[in-house]
Amino acid sequence: MGGSSTSPCDLDREFAPQIAQLLATPPLQSGQEYYDGLIQSKKHDGIRVNFSSKHGKGVCANKYFAEGDLILKDQILVGAQHSLNKIDCAVCSYCFRFIGSIEFQIGRRLYWQSIGSSSDRTNRRHCHESDVGSSASSSGATKENSNTLSEEVLVSLITGDMSLPFTDHFGLPQVVACRGCEEERYCSQSCADSDWETYHSLLCTGSKSEPSWRSALQKFVEHANGSNDIFLVAAKAITFTLLRYKKLKTHPEFQKNTDQSNFCLLMEAWKPLSMGFKKRWWDSVALPEDVDSCDEDSFRQQIRDLAFTSLQLLKHVIFDSECAPLFSLEVYGHIIGMFELNNLGLVVASPVEDYFIHIDDLPDDEKEEAEKVTGPFLDALGEDYAVPCEGTAFFPLQSCMNHSCCPNAKAYKRDEDIDGHAVIIALKPIRKDDEITISYIDEDVPYEERQAQLADYGFIWVGAVMEVLVCWIVALGVYGSTALG
Ligand SMILES: C[S@@+](CC[C@H](N)C(=O)[O-])C[C@H]1O[C@@H](n2cnc3c(N)ncnc32)[C@H](O)[C@@H]1O
């Protein structure tokens, strides 16, 4: 689509050559240098990124990994918790660790559950703990929720006035507030500072910001929450680049080298994101089942229009004329596409689950005593008593891993993995120089369905028959490697 229909965005025409440069595949040498540097700085000496793979980039083993070995803990480059998930889980806005206490997690979730209908949830961007105790009356909700836990009880859980048994085994970091607003919370001052420097300072609704700016931000956020919260993470990718740009500009190296244009600096600031595999969102997103194939063009047009509306709203918040090409629809579409195509998903298990398992595992007499207190809360939380933190994220190294229907590694969070990092574990022995592959899809579904799911990633795996054969041979123990081609 995109190419055949004229863009509604003036910047696409005005900055066409710069946009082409931003979206071009980075030269091999610069790409290799970037990944070598990243791997070195993060001390991931067990892997390397190869550009020779027939599927573009790929990750190879730099050493032998035994089954179950940790291959990589990949830190999020840009990511965000889903808006609705913020109601269920209070996590650090930078590293996505659960924060506060078990009581705080349970209390605030039940509190919001008791006052919020699902439509309220859609319009609510953030749950302010400062609103606790006032929202029930303002929203007209009754003081008792359907599970007969009073608002007073829930508030005392949140404030720490009431404690549940055995929660001292599950200590969580204390909540550190953002220096400017009440919306972002952290597990430590260092996460608060890193978030401020890397993304948040441009989007903080701190009291110093002007009312017109706050209203522009609110409009952007409401549009994203009402349509697709992937726009929120795309906005974060833009602020990440703008802040890197500003930092580079004040760097003494740049001040010395006045020949370097603003655009060169923008290219440098954009580099970490330029490495991601990208396609325009509206070209690559899978056609929903309820859309007829003859309506495909109009469907793709509609989502491009949606992205354009979102971009217009975002421009009112953070447009920077020095970095104008970054605000083109073409670049915005590729950023969203990158999150869609590279998204392993941000998932962090809830400590509330471990807590109730611990209670369940207590000796009978202790368990009976404890459950007198915890039972009503567990009942009120219901079957989904331990919703994990979920969101969208771009992981710079994991996103270089290619797919295999017979992978030798998988994303797997161990008990100790309590933040947003992607954790990749060896599923079988991996020899030095083997390609490390993961499955992008559910491996247990039938072949046709797997091919359909892979089509969403922009490819049909033509070697599927060969790969199935290799899997069989591996299962028979004849051949030890499952690397692709
Ligand atoms: C997350 S990226 C993986 C890294 C990618 N090779 C790169 O160069 O950035 C996913 C994209 O890689 C390509 N890819 C991954 N595994 C593949 C496979 N088994 N066969 C064909 N293409 C594959 C597809 O184009 C897919 O959309």
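Helices and strands here are DSSP runs, helices of at least four residues and strands of at least two. The model is predicted.

**Exercise 1.** Characterise the segment that UniProt annotates within residues 178-204.

*Solution.* Start with the record. The unreviewed UniProt entry places "domain: MYND-type" at residues 178-204. Next, take the secondary structure. This stretch is 37% helix and 7% strand. Finally, check the ends. Their C-alpha atoms lie 9 Å apart.

**Exercise 2.** Trace the strand pairing around S2, and find the partners of Cys 60.

*Solution.* Take S1 (residues 47-50) first. S1 pairs with S2 (residues 58-61) in the antiparallel sense, over four bridges. Within this pairing, Arg 48 has Cys 60 as its bridge partner. Now turn to S12 (residues 435-438). Two bridges join S12 to S2, again antiparallel. Here Cys 60 stands opposite Glu 435.

**Exercise 3.** Describe the largest nonpolar core, then list the contacts of Val 91 beyond its sequence neighbours.

*Solution.* The core holds 106 residues. Val 91, Cys 92 and Ala 234 touch the most other members. Helix H11 (residues 230-249) gives the largest share, eleven residues. Now set aside neighbours of Val 91 within four places in sequence. What remains is Gln 81, Phe 96, Arg 97, Phe 98, Ile 99, Val 348 and Cys 389.

**Exercise 4.** Work out how H5 and H8 pack.

*Solution.* H5 spans residues 102-115 and H8 residues 151-159. Their axes are 7 Å apart, at an angle of about 145°. The H5 contact residues include Phe 104, Ile 106, Leu 110 and Tyr 111. H8 contributes Leu 154, Leu 157 and Ile 158. The crossing of H5 and H8 is left-handed.

How values were computed: Residues are numbered from 1 along each chain as its sequence is written. This is a predicted model: local features need pLDDT of at least 70, side-chain atom pairs count only at pLDDT 80 or more; totals for chains, interfaces and linings use all residues. Two strands pair if DSSP finds at least two bridges between them. UniProt positions are given in the numbering used here, feature names are shortened, and annotations may be inferred rather than shown by experiment. A nonpolar core is a set of buried Ala, Val, Leu, Ile, Met, Phe, Trp, Tyr and Cys residues joined through C-beta atoms within 7 Å. A residue is buried if 20 or more other C-beta atoms lie within 10 Å of its own, exposed if 12 or fewer, and partly exposed in between; C-beta atoms are placed from the backbone. Two residues are in contact if their C-beta atoms, placed from the backbone, lie within 7 Å. Axes are lines fitted to C-alpha atoms, for helices over the stretch in contact, and angles run from 0 to 180 degrees between N-to-C directions. A crossing is left-handed if the near helix is turned anticlockwise from the far one by less than a right angle, and right-handed if clockwise.
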